[in-house]
Amino acid sequence: MIAAIGSATNVLMAITQALSSDCVASAMCKAWMGAVLSAAVRKTPLQYGEPGPGNEGQLNMTYVLYGHRRSGSLAVEMALAEIGADYEVRDVDLETEAQRNEAYASVNPQRKVPALVTPSGETLTESVAILLTLEDRHPEAELLPRDATERAQALRWLLFVATEIYPLVEINDYPERFSPTEEVAAGLRDVARSIWRRRWLLVESEIAGSPYILRSGFCLTDLYIAVVSRWAQQDAWRPENLPRVERLTAAVAERPVTAPVWSRHRPETTPNRFG
Ligand SMILES: N[C@@H](CCC(=O)N[C@@H](CS)C(=O)NCC(=O)O)C(=O)O
């Protein structure tokens with residue numbers, strides 16, 4: 001029975017991924033996938049708990065990460081893995097719009113993931129703030145280089161992706177939020193995707209290391225690039241146009257500590273889809 005649920009889930013996930021590689025299912029498939037996946041995906045090995053009153057703010061020896069598969073919480077989860085921290089993930093099912101629930105608003109009033117509750121009970125939101133806080137509190141993990149010049153470049157590209165690219169995904173996923181009519185929404189999504197591609201080409205041309213963004217090697221900006229670059233339904237365009245981003249992502253997906261996290265979120269890319 002469990003095996004049957006597992007394989008049905010895999011098929012559903014493959015369909016979803018074929019239809020939409022976004023951090024959120026596309027508007028078209030969101031409705032029916034939401035109904036099916038809310039039942040099926042929760043039985044996958046991710047096994048997130050339920051967000052809700054009483055869960056947040058508790059003193060806990062572990063970090064509690066509110067997130068959803070393939071979303072921005074993946075970058076935070078990989079950083080926690082790099083640190084070697086104990087953490088628990090609670091699913092906020094974006095396909096069923098669970099982020100809109102009042103219970104989740106008490107964790108993040110902005111109703112987005114990720115949110116991280118620290119072992120001392122503080123709630124952090126905003127993916128970059130979370131990553132930089134983790135880096136600050138766990139310097140031994142060397143999530144950013146010590147060298148000031150390299151560190152500046154890491155921050156530069158982290159912030160570029162966070163501020164110039166990540167926000168476009170809301171327009172891609174929810175164009176109706178920005179548009180008075182459906183027609184305008186469709187056009188807006190196309191514009192967002194074209195800006196998306198232009199900005200990623202810029203990142204591509206600035207990848208100084210091999211395979212990572214910095215010459216000095218891996219840093220948390222690589223986690224961010226790997227996660228965000230998968231979105232906005234660019235699976236057909238990306239490999240040919242962003243070969244360095246693809247190599248960087250493959251390297252992140254294969255790092256010993258991040259590989260299990262990556263493959264839970266994106267089983268379709270492992271093993272070795274990136275060659
Ligand atoms: N600025 C926020 C953006 C977070 C964000 O847009 N998260 C997406 C998932 S990748 C989300 O929760 N979307 C749901 C929604 O917009 O309703 C951050 O960096 O954490």
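The buried residues of H5 pack against H3, S3, S4, helix H6 (148-165) and H9. This picture comes from a predicted model.

Which residues of H5 are buried? They are Ser127, Ile130, Leu131, Leu134 and Glu135. Because they cover an arc of only 135° around the axis, they sit on the same side of H5. An α-helix has 3.6 residues a turn, so residues three or four places apart point the same way. The other side of H5 carries exposed residues: Ala129, Asp136 and Arg137.

**Overall make-up**

The protein has twelve helices and four strands. Of its 275 residues, 40% are buried. Among contacts with a separation of 6 or more, 67% join residues 24 or more positions apart.

**H9 against H11**

H9 is one of the elements that the buried residues of H5 pack against. H9 also meets helix H11 (residues 243-254): their axes come within 9 Å and cross at roughly 110°. Angles of 65 to 115 degrees count as roughly perpendicular, and H9 and H11 are therefore roughly perpendicular to each other. On the H9 side, the contact is made by Asp222, Leu223, Ile225 and Ala226. H11 supplies Val245, Leu248, Thr249, Val252 and Ala253. By class, this contact of H9 with H11 holds seven nonpolar residues, one polar and one charged.

**Trp237**

Where is Trp237? It lies in the loop between H9 and helix H10 (238-241). Trp237 counts as partly exposed because it has 14 C-beta neighbours inside 10 Å. A residue is buried only with 20 or more. Trp237 and Arg197 are 40 residues apart in sequence, yet their C-alpha atoms are 8.6 Å apart in space.

**Backbone exceptions**

Most residues other than glycine have a negative phi, and most peptide bonds are trans. The sites below depart from that pattern.

| Site | Backbone feature | Value |
|---|---|---|
| Val113 to Pro114 | cis peptide bond | omega near 10° |
| Ser210 to Pro211 | cis peptide bond | omega near 10° |
| Arg70 | positive phi | phi near 70° |
| Glu126 | positive phi | phi near 75° |

Pro114 lies between helix H4 (102-105) and strand S3 (115-117). S3 is one of the elements that the buried residues of H5 pack against.

Which elements flank Arg70? The loop of Arg70 runs between strand S1 (63-67) and helix H3 (73-83). Phi of Arg70 is positive, although Arg70 is a residue other than glycine. Is Arg70 buried or exposed? Arg70 is buried, because 23 other C-beta atoms lie within 10 Å.

Glu126 also has a positive phi. Glu126 lies in the loop between strand S4 (123-125) and helix H5 (127-137). With 17 other C-beta atoms within 10 Å, Glu126 is therefore partly exposed. Ser127 of H5, by contrast, is buried.

Definitions and conventions. Residues are numbered from 1 along each chain as its sequence is written. This is a predicted model: local features need pLDDT of at least 70, side-chain atom pairs count only at pLDDT 80 or more; totals for chains, interfaces and linings use all residues. Helices (H or I, at least four residues) and strands (E, at least two) are DSSP runs, numbered from the N terminus. A residue is buried if 20 or more other C-beta atoms lie within 10 Å of its own, exposed if 12 or fewer, and partly exposed in between; C-beta atoms are placed from the backbone. The arc is that of the directions from the helix axis to the C-beta atoms. Two residues are in contact if their C-beta atoms, placed from the backbone, lie within 7 Å. Axes are lines fitted to C-alpha atoms, for helices over the stretch in contact, and angles run from 0 to 180 degrees between N-to-C directions. Angles under 35 degrees count as roughly parallel, over 145 as roughly antiparallel, 65 to 115 as roughly perpendicular and the rest as oblique. Ala, Val, Leu, Ile, Met, Phe, Trp, Tyr, Cys and Pro count as nonpolar, Asp, Glu, Lys and Arg as charged, and the others, Gly among them, as polar.
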